[in-house]
Amino acid sequence: MANTKQHIMSKPVVHVIDVQSGNIQSLINAIDSLGYTVELINTGKQLQQDDPQILILPGVGNYGHFVDNLYSNGFEQPIQEYIQSGKPIMGICVGLQTLFKGSMESPTSKGLNYIDMALTKFNHSNKPVPQIGWNNIIIDSSSSSSSFFGLNPLNHYYFVHSYAAILNNNNTQHIESDLIENGWQIAKTKYGDETFIAAVAKENIFATQFHPEKSGKAGLTIIDNFLRQRKTIPCNQLQLTKGSSNDDTNFGLTRRIIACLDVRTNDKGDLVVTKGDQYDVRDKNGSNNNDVRNLGKPVELAQKYYEQGADEITFLNITSFRDCPLKDTPMLEILRLAAKTVFVPLTVGGGIKDIIDMDGTKIPALDVASLYFRSGADKVSIGTDAVYAAEMFYLNGGKGDGSSPIETISKAYGAQAVVISVDPKKVYVNDPRDTKNKTFKSKYADSKGRTWCWYQCTIKGGRESRDLGVWELIQACEALGAGEILLNCIDKDGSNSGYDLELIEQAKDAGKIPVIASSGAGKPAHFEEAFRKTRADACLGAGMFHRGDYTVSDVKDYLLQHNFRVRIDSITK
């Protein structure tokens, strides 16, 4: 059957196993961009009937959710039979983890046990967890003269996970030598002081912990080599990334630069990227008649920033498109189009909550998020509803009830898929006892000479304030299952004066998950300042990129000049 379809479509066919786990659309787009056609396989019976000649097993999120779906859909025996047939298979992220016997993330869920080892969680006492960002790899010394499938130690690949096959703890030191003796090739990566398996290969099996479909041109090269079955490539033929640094202060990760696009319709009904001052996006000057400031088209700008080297693209839907059915939401089409040519992570925010659709149908937040994931998003950002969830968390004695969007989405797709977008403002008090929220002594006094202050959360685009601090919000949302914080700042928004460094540090003190610094960047030096003076895990820029004052490349060049490690994707196909 596969050969017939391949002939009719005139493109080679790649079969991809789909158990509704995360953003499979980006993998489809990546394979399509390389000149192949994708056919999805949803059941083990279909896998046996379709008789694929090349197979990919991608997985995202919670280990148990993924492998349990594999088993319930009858994949265990057909996958094993496929591997025994000698035909090539590639696992991605949890697809790699499935090759192991199990994971501490889901102790009752069993893997395929091709590798007799259980995955464990990263130590979060000295670094953020999940690991989210761009890291490089270490090729086993026995393979130093060649690289399997073009894996390149000098390039960076996108990792996003909390659990891994960690090799340098007391219980796993023998695993590496055992694997090599049994014919496995290994690529490793270090995250902080922990070394883990980044990729494995043996005979017809190849798998990566990182996401090649989200690793830019370097990642596309890996997929292309697998599809062509270019198993071994001499190291002197590898194309290398320009630009490097000895900076090793970020646990092995590059400094992540994110381009953010605030998307909404203007008064004419056109979909535009806009930017405001303290969240006011109306253009007060010129001949625009106070219309929404128009800085460009979302998909075109996303493509431009990807080509400039952005490590991620974030779309924030700042109106939630309330006047159309969910399935017709313009942001879904933006994601579909952007994901076809932008091969780095895409985050979308705005309207990720339980909703009542135009026809009266109640749609849970998990189903809303699933639509975005299926359209090309890798992460969803939750704002107002995260504040509501945190408030309920404390009212409920410091625990969730399982119903919040944070809990339902992270349970299905993993913590790394849930970003909390925080919109705080600084509030000064005479004394710490004046508020129940955590205060700190600022270096900068207000007009009354006060230095004690706290950061107050707001909702609905900054229009309403709540009696909840950023510290308290982050602690609650991390406990509920969030994996990352997008830290905005109303006071700094549109100021071009640099990030609020005190806010970043308070957010980092509050939790263990990564923090993205946002609001206030006006020049490359502001990114350098945030990375040098705070523990920000990533920095986000918007207006300075949209106006054309600076490019993403300008920021990365500046960081390189100041000895920070960045990713520069210079590989060509």
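I took a cavity to be a set of points, on a 1 Å grid over the protein atoms alone, where a 1.4 Å probe fits but cannot get out; lining residues have an atom within 4 Å of a point. Grid points are joined across faces, edges and corners, and a volume is the space filled by probe spheres set on the points.

A note on the source: this is a predicted model, where local features need pLDDT of at least 70, side-chain atom pairs count only at pLDDT 80 or more, and totals for chains, interfaces and linings use all residues. Residues are numbered from 1 along each chain as its sequence is written, and side-chain values use heavy atoms, with hydrogens and water left out.

Cavities. I searched the whole structure and found eight of 30 Å³ or more. The largest cavity holds about 130 Å³ of space. It is lined by 13 residues, and Val60, Tyr158, Val160, His211 and Asp378 are the closest to its centre.

Helix α11. Just after α11, I noted a positive phi of about 135° at Gly376.

Helix α12. Which residues are buried in α12? I listed Ala386, Val387, Ala389, Ala390, Glu391 and Phe393. Just after α12, Gly397 has a positive phi of about 80°.

How values were computed: Buried < 20%, exposed > 50% of the residue type's maximum accessible area, 1.4 Å probe, protein only. Helix = DSSP H or I, 4+ residues; strand = E, 2+ residues; numbered from the N terminus. 1 Å grid on protein atoms, 1.4 Å probe; cavity = no way out; pocket = protein on both sides within 12 Å on 5 of 7 lines; lining within 4 Å.
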